[in-house]
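Biologist: I would like to learn how to read charged pairs and nonpolar cores in a model. Please take them one at a time.

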Amino acid sequence: MGKVQELSIVLLLCMQTALALMCRECKSYSHQKCIHEMRTCTAKDGESCLTVRLWISPSSVHTPNDAYSRCQENCTTDEYYYGDYTILIKCCKKFDFCNDIAVPSDEWS
Ligand SMILES: *[C@@H]1O[C@H](CO)[C@@H](O)[C@H](O)[C@H]1NC(C)=O
């Protein structure tokens, strides 16, 4: 194989790595810790990293009562209220693991 082909293959591999967004995947959190297996998912085309947080006063967005993370297609950030609960749906693509529960949600985009 010629040097040029080798180089282009290396570049292609690098680009694929750069394009593939990795996200946290956890079915449930308690006290900011994943209470099931913490996994990694790779966001495909049209997917974002998602974390949904749910809390009721005196808990807050920083200490949600429940939360989960995953890769989500057509992800839309939203916030709504269900009785006394607040539910915050946050989508991000900014950096790998941007949906980590420890990342302050106002730093997401
Ligand atoms: C995402 O959006 C595309 C284009 O609007 C649509 O075709 C697709 O069914 C949507 N997928 C989901 C899971 O909502």
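**Salt bridges and cores**

Modeller: Asp-100 and Arg-24 form a salt bridge, with 2.7 Å between the closest N and O atoms. This is a predicted model.

Biologist: Why does the pair of Asp-100 and Arg-24 tie together parts that are apart in sequence?

Modeller: Arg-24 belongs to strand E1, whereas Asp-100 lies in the segment after strand E8 (85-92), so the bridge ties together parts 76 residues apart in sequence. Asp-100 is buried, at a relative accessible area of 15%. Arg-24 also lies over the face of Phe-97, 4.1 Å from the ring centre.

Biologist: How many salt bridges does the structure hold?

Modeller: There are 2 salt bridges. Lys-44 and Glu-47 meet in one of them, at 3.9 Å from N to O. Lys-44 is exposed, with a relative accessible area of 58%, while Glu-47 counts as buried at 14% relative accessibility.

Biologist: And how should I read a nonpolar core?

Modeller: In soluble globular proteins, nonpolar side chains tend to be buried together. Here the largest nonpolar core has 8 residues, among them Leu-21, Cys-23, Cys-41 and Ala-43. Strand E1 (21-25) and strand E4 (39-43) are the elements that give two or more residues to this core. A second, separate core has 6 residues, including Leu-50, Val-52, Cys-75 and Ile-89.

Biologist: Which residues is Cys-23 in contact with, leaving aside its neighbours within four places in sequence?

Modeller: The contacts of Cys-23 include Arg-39, Cys-41, Cys-49, Cys-71 and Phe-97.

Biologist: Is Tyr-82 buried or exposed?

Modeller: Tyr-82, in strand E7 (residues 78-82), is exposed, with a relative accessible area of 60%.

Definitions and conventions:
Residues numbered from 1 in each chain as written. Predicted model: local features only at pLDDT ≥ 70, side-chain atom pairs only at ≥ 80, totals over all residues. Heavy atoms only, no water. Lys NZ or Arg CZ within 6 Å of the ring centre and 35° of its normal. Helix = DSSP H or I, 4+ residues; strand = E, 2+ residues; numbered from the N terminus. Buried < 20%, exposed > 50% of the residue type's maximum accessible area, 1.4 Å probe, protein only. Core = buried A, V, L, I, M, F, W, Y, C linked by side-chain atoms within 4.5 Å. Contact = heavy atoms within 4.5 Å. Salt bridge = Lys/Arg side-chain N within 4 Å of Asp/Glu carboxyl O.
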